Amino acid sequence: MKHPNQTNLIKHFLKKVPALSYVVFCLCSLATPVRAQDMMKDANSVVTDARTEILCKSMTQSVEKESRTITILNRKGLEDAAFYCGCDMFRSLQKFSGEIINASGQTVRKIKKSDLQKSEYSSSLTTDDYFYYYECNYPSFPFTVKYEWEMKCNNGLIGYSTFIPQTSFSQAVEKATYRIELPAGQGCRYRELNTQELETTNKGIEGQITESKGTEGQGIKVKESTGAEGQQVIEVTALKLPPILKEPFGPSFAELFPRVYFAPSAFKYDKSEGDLSTWQKYGEWQYKLLDGRDLLTEPFRAKLHELTANCSTDREKVKAVYDYLAKTTRYVSIQLGIGGLQPIAATDVCRTGFGDCKGLSNYTRAMLKELGIPSTYTVISTTNERLLPDFSSANQMNHVILQVPLPQDTLWL
């Protein structure tokens, strides 16, 4: 199943934590304010300034402008100096510039878009994913790297970039901001994670502001407001975040780091319209993608009944179908456009003998349906232990399996 944000592909290629197109950059230590020196204790890198601005023009189009400035303090922080961003038929890199600054504050290299490496590496057979990356290997520490780039989004918005001020362990943050603006009537929801120590206060017409209980001027603030023309504006600011250290056998990155998820309510994606305001409504949209894709040819339907003629229970029939699937099909992933979320038709899987997790699950569902055995096409995550029950978003799942509720047991295929 294709992840709406292409971080998994990038993560496997670069062996980095998911950052949703985040990059790190720094100011040299000679130019760092005194208050930031305390943050450098135990830090390998310091995000001195990071900005994300998203302007949604419609339900299908947006422009994302980003800049990242990070100071790399030692060799352990060198990975944080890399740039990468994922693209596909929905997202494209329009502009890019960068520079490397040495400890004396001198620019030692300008980085152009033509200096970026482009890769279409994928574990899938066919995909429209590709990404740009730049590996910064400046040999002298500390140094600063700054990136500025612009992304154009077309054909649909099923999710928005996540605000992640810290992208790795032992990374401090001086300042990081995020701003998203949407036209009147086009709703956006947000959900904070790992901000247990934050408290909420109401600030009248400016909307809800969430701020840290810690030292004044530190922590994360979320502000929601309405523009002059009725547009919704959400702004997030992170200030003076100390580095989080990785401990042996300790919690994972995802369990510790603060972040804010954003997701639309109603959406359009590759000409398909849906509602993400609740898990129920999103599930209904997912099931609409299955319409007409569980049909089987008459000869194959007869073959199924012949295959299970000697089975005395539904469980035996499920096993016969599953064993047949294992013998006659193979996993081949083709993720193009909405095909990253919509399964291949069952007749095509039967004819070609291949499909991905979606296609094979839907094919098995179609075979069981022919035998009178109900099953449930189930979208899950192989990376998130739990989905957020109070915040529905498409980027929390990345896999599909099949649930078969039998009288004495529930099978997960």
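Two rings of Phe, Tyr or Trp (for Trp, its six-membered ring) make an aromatic pair if their centres lie within 6.5 Å; planes under 30 degrees apart count as stacked, over 60 as edge-to-face and the rest as tilted. By this rule the structure holds 21 aromatic pairs.

Before we look at some of them, note that this is a predicted model, in which local features need pLDDT of at least 70, side-chain atom pairs count only at pLDDT 80 or more, and totals for chains, interfaces and linings use all residues. Residues are numbered from 1 along each chain as its sequence is written, and side-chain values use heavy atoms, leaving out hydrogens and water.

Let's begin with Phe-90 and Tyr-269, which are stacked because their ring centres are 4.3 Å apart and their planes meet at 20°. This pair joins distant parts of the chain, 179 residues apart: Phe-90 is in the loop between β3 (83-87) and β4 (91-101), and Tyr-269 is in strand β17 (residues 266-269). Strands here are DSSP runs (E, at least two residues), numbered from the N terminus. Phe-90 is buried at a relative accessible area of 4%, and Tyr-269 is buried at 5%; buried means under 20% relative accessible area (1.4 Å probe, protein chains only).

Next come Phe-131 and Tyr-133, a tilted pair with 5.8 Å from centre to centre and 45° between the planes. Phe-131 is buried at 0%, as is Tyr-133 at 13%. Elsewhere, Phe-83, Phe-96, Tyr-147 and Trp-149 form one aromatic cluster.

Finally, turn to the cysteines: a search of the whole structure finds 0 disulfides (pairs of cysteine sulfur atoms within 2.5 Å). For Cys-85, the nearest cysteine sulfur belongs to Cys-87, 4.3 Å away.

Key
Helix = DSSP H or I, 4+ residues; strand = E, 2+ residues; numbered from the N terminus. Buried < 20%, exposed > 50% of the residue type's maximum accessible area, 1.4 Å probe, protein only.
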